[in-house]
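Subject: Structure handover and what was found in it

Dear colleague,

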Amino acid sequence: MTKGRIVFQIINYTVLILLSVLCLFPLLNILAMSFSSATAVSAGRVSLWPVEFNTYAYSYVIGKRDFWNSLLKSVERVCIGVPFSMLITILVAYPLSKERTQLRLRSFYSWIFFFTMLFSGGLIPGYLLIQNLHLMDTIWALILPMAVPVYNIVLMLNFFRGIPHELEEAALIDGANQFQTCFRIYVPCAKPSIATLTLFCFITHWNSYFDGLIFSNFPESYPLASFLYTVVVQRDMSLLSMEQIRELSLVDDRTIRCAQIFIALIPIILIYPFAQKYFVKGMTVGSVKG
C-alpha cells in the first residue's frame, strides 16, 4: 500500500473508533450508574466504571410488580404487532411490485399509501376513533394504528422488484397461484429484507411510548416504554404507593431509573447482532443483484 493509503486508513480507523466510543459512552454510563451506590451517583463520581459496586437497583426493579406488568405488556405487543405488521407489509408490497400490465391500478394504490406518509388525520381524530371502537386500554389500540408501516412497504416492494420475473413465470407454469408464488418464491428470496424490516418493526413497537400514554387510561395498561417515560421524564410520583416512595427515599432514584432503562435495552442488544448481517443486503434495495 502507498503511504497515502496507510495515512487514510489510520485516520479512518481513528475517527471510527472515536465515534464508536461516543456512541457507547451513554450506555456505559447508564450501566455503571445502575451498579453504583446511591452516594457515589449523588456525588457525581460515576463515569464509565461502577463506584461502590452493588446490585440493589436491579433487586429493587425486579421486585416491582408495575415494572414487570409493563414489560409483559410490551412483550405481548411485540409478539402480536410485529408478525401482524410484517404479514400486511408482504401482502401489500407483493401486488404493488407488479407491472401495470399485471395490476392496472398499481400507481393509484401506491399513491394512496404514499399519501398517508405525507398527511394524517391527526391526534384527536385518531383518539376518537380508538375510543369509538372501544379499544382503549387494550393491546389492539397499540397495534392497529401501526399495523401498516408504509415506509417498510416501500422498501419491501422495491426489493420484490429486484427478484427476477423468470422465477414467477416458472412458478405460474408449474400451476402455482399468486399466494403460493408470494410465500414460496418471493418471501424466501427476500429474507434479508424481511429480517431488516422485522428488526425495524420490533424497535418501533418496543420503543414507542406516546401511544401508550394516549390510548391507556390506567398505568396498568402502559407498555414498558410508556412506563419508563412516566418514571424517567415525568417522574410521576402518583403512580407509586407510599411504600415505594419510602423505599425510594433510601436510595438514589437515578440508579433505579438506570437499571430500568438498561433492562429495557437488553432485548434490542440481544437481537441486533443476529440481524446485523442482513442490514447491508436488506437496505440496498433496487441495486444490481447477480
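Setting aside residues up to four places away in sequence, Ser-34 touches Asn-54, Ala-57, Tyr-58, Thr-255, Cys-258 and Ala-259. Ser-34 belongs to helix H1, and with a relative accessible area of 0% this serine is buried. Please keep in mind while reading that this is a predicted model.

**The chain as a whole**

The chain contains 16 helices and zero strands, and 36% of its 290 residues count as buried. Among the contacts in the chain with a separation of 6 or more, 69% are between residues 24 or more positions apart. The chain exposes about 17400 Å², and carbon and sulfur atoms supply 69% of that area.

**The nonpolar cores**

In soluble globular proteins, nonpolar side chains tend to be buried together. Which residues of the largest nonpolar core touch the most other members? That core has 43 residues, and the ones in question are Met-156, Phe-160 and Trp-206. At least two residues of this core come from each of helix H3 (56-62), H4, H8, H10, helix H11 (191-207), helix H13 (224-234) and helix H15 (253-275), while H4 gives the most, with 11 residues. A second, separate core has seven residues, including Met-33, Ala-40, Val-41 and Val-51.

Trp-206 deserves a look of its own: not counting residues up to four places away in sequence, Trp-206 touches Leu-71, Ser-74, Val-75, Val-78, Leu-224, Ala-225, Ala-264, Pro-267 and Ile-268. One of these, Ser-74, is placed in helix H4 and counts as buried at 3% relative accessibility. If neighbours within four places in sequence are left aside, Ser-74 is in contact with Trp-206, Pro-223, Leu-224 and Ala-225. The C-alpha atoms of Ser-74 and His-205 are separated by 7.9 Å, although these two residues are 131 residues apart along the chain.

**Aromatic pairs**

A pair of aromatic rings is described by the distance of the centres and the angle of the planes. The structure holds 12 aromatic pairs. Trp-111 and Phe-114 are three residues apart in helix H5 (residues 106-118), so about one helical turn separates them. Trp-111 is exposed, with a relative accessible area of 58%, whereas Phe-114 is partly exposed, at 34%.

Phe-160 and Tyr-186 form another pair, and because their planes stand at 85°, with the ring centres 5.5 Å apart, this pair is edge-to-face. The pair links distant parts of the chain, for Phe-160 lies in helix H8 (residues 150-161) and Tyr-186 in helix H10 (residues 178-189), 26 residues apart. Elsewhere, Phe-35, Phe-53 and Tyr-58 form one aromatic cluster.

**Salt bridges**

How many salt bridges does the structure hold? There are three salt bridges. In one, the side chains of Glu-52 and Arg-45 meet at 3.3 Å, N to O, and here Glu-52 is partly exposed at 44% relative accessible area, while Arg-45 is partly exposed at 46%.

Asp-211 forms a salt bridge with Arg-77, with the closest N and O atoms 2.5 Å apart. Since Asp-211 lies in helix H12 (residues 210-215) and Arg-77 in helix H4, the pair ties together parts that are 134 residues apart in sequence. Both Asp-211 and Arg-77 are buried.

Glu-168 forms a salt bridge with Lys-98, where the closest N and O atoms are 2.9 Å apart. Glu-168 lies in helix H9 (residues 165-173) and Lys-98 in the loop between H4 and H5, so this pair ties together parts that are 70 residues apart in sequence. Glu-168 is buried, with a relative accessible area of 3%, and Lys-98 counts as buried at 7%.

**A patch on the surface**

Val-7, Ile-11, Tyr-13, Val-15, Leu-16, Ile-17, Leu-19, Val-21 and Leu-22 make a nonpolar surface patch of about 870 Å². Val-7 lies in helix H1 (residues 3-34) and counts as partly exposed, at 46% relative accessibility.

With best wishes

Definitions and conventions: Residues are numbered from 1 along each chain as its sequence is written. This is a predicted model: local features need pLDDT of at least 70, side-chain atom pairs count only at pLDDT 80 or more; totals for chains, interfaces and linings use all residues. Side-chain values use heavy atoms; hydrogens and water are left out. Rings of Phe, Tyr and Trp (its six-membered ring) pair if their centres lie within 6.5 Å; planes under 30 degrees apart count as stacked, over 60 as edge-to-face and the rest as tilted. Helices (H or I, at least four residues) and strands (E, at least two) are DSSP runs, numbered from the N terminus. Buried means under 20% relative accessible area, exposed over 50%, partly exposed in between (1.4 Å probe, protein chains only). Patches are made of residues with over 30% relative accessible area and no salt bridge: like charges are joined within 9 Å, nonpolar side chains (Val, Leu, Ile, Met, Phe, Trp, Tyr) within 5 Å. Accessible areas come from the Shrake-Rupley method with a 1.4 Å probe; for residues, only the protein chains shown count as cover. A salt bridge is a side-chain nitrogen of Lys or Arg within 4 Å of a carboxyl oxygen of Asp or Glu. Contact means heavy atoms within 4.5 Å. A nonpolar core is a set of buried Ala, Val, Leu, Ile, Met, Phe, Trp, Tyr and Cys residues joined through side-chain atoms within 4.5 Å.
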